[in-house]
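Please keep the structure open while you read.

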Amino acid sequence: MKIFLDTANLDEIRRAADAGLIDGITTNPSLIAKVAGDRDPKEIYREICEIVDGPISLEVVGLDRDTMVAEGRKLGAIHENAVVKLPLTEDGLKACRDLTAEGFRTNVTLCFSVSQALLAAKAGATYVSPFVGRIDDISGEGMELIHQIRQVYDNYGFKTQILAASLRHPLHVVECMMLGADCCTLPPKVLWQLSKHPLTDKGLEGFMADWATLGAEL
Ligand code: G3P
């Protein structure tokens, strides 16, 4: 399963890239708004694409097909790693079809149902992003959506990759792996939480204490 980092924070991106643990990045307008300040978002997008050599999802902000296609072309031209992210609306699906035909990779986002995921695949999306945590937030079963999309895509041989998004904790990641999601996008905090276990810390403490009794060096 591919791991993407869900952030536009350059320090966090460098930290994870330096560890060699991530396969790509996803951003959205809210994430870029948190970090851009006075900077042109497109400059930050270019910098992200240069830090991580993998798919980097950059989202359009237009709401109609023609504007999305025009913005998608601009975003796609930023770097060869750019993936054009589009909302799962009628216009977003049409723009996805147009941009796919022009050779751009696409990520159809804000997916909350299997029927939406079907249309993303029919529109030729490279990735579909079901938002697990936001379904949980309204007392739904977010992970059930991943399960159902996996089954439907496998039943019909759709090539669109399931990019599980809005993941909030390590158990979400484990469940996505068990269900066969192709990719998970994680906030930096969740990425680093994956490495933590109290028995690792306790075990290491014991090893260090025992080693110290030797007074030796490696
Ligand atoms: O990738 C989508 C993600 O950024 C949404 O996450 O936590 O805002 O629902 P969240």
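1. The second largest pocket is lined by 7 nonpolar, no polar and 5 charged residues. Here Ala, Val, Leu, Ile, Met, Phe, Trp, Tyr, Cys and Pro count as nonpolar, Asp, Glu, Lys and Arg as charged, and the others, Gly among them, as polar. A pocket is an open set of points on a 1 Å grid over the protein atoms alone, where a 1.4 Å probe fits, with protein on both sides within 12 Å along at least five of seven lines; lining residues have an atom within 4 Å of a point.

2. This is a predicted model, in which local features need pLDDT of at least 70 and side-chain atom pairs pLDDT 80 or more, while totals for chains, interfaces and linings use all residues. Residues are numbered from 1 along each chain as its sequence is written, and side-chain values use heavy atoms, leaving out hydrogens and water.

3. Among the residues lining the second largest pocket are P29, I32, D40, Y45 and E71.

4. Turn next to the largest pocket, whose lining has 6 nonpolar, 8 polar and 5 charged residues. The ligand sits there, meaning that more than half of its atoms lie within 2 Å of the pocket's grid points.

5. Which residues are around the ligand? They are D6, N28, F131, R134, A165, S166, R168 and T185, each with a heavy atom within 4 Å of it.

6. Look at the ligand's oxygen atoms: a polar side-chain atom of D6 lies 2.6 Å from one, and a polar side-chain atom of N28 lies 3.1 Å from one.

Technical notes
A polar contact is a pair of N or O atoms within 3.5 Å; within protein, one must be able to donate a hydrogen and the other to accept it, and residues adjacent in sequence count only if both atoms are side-chain atoms.
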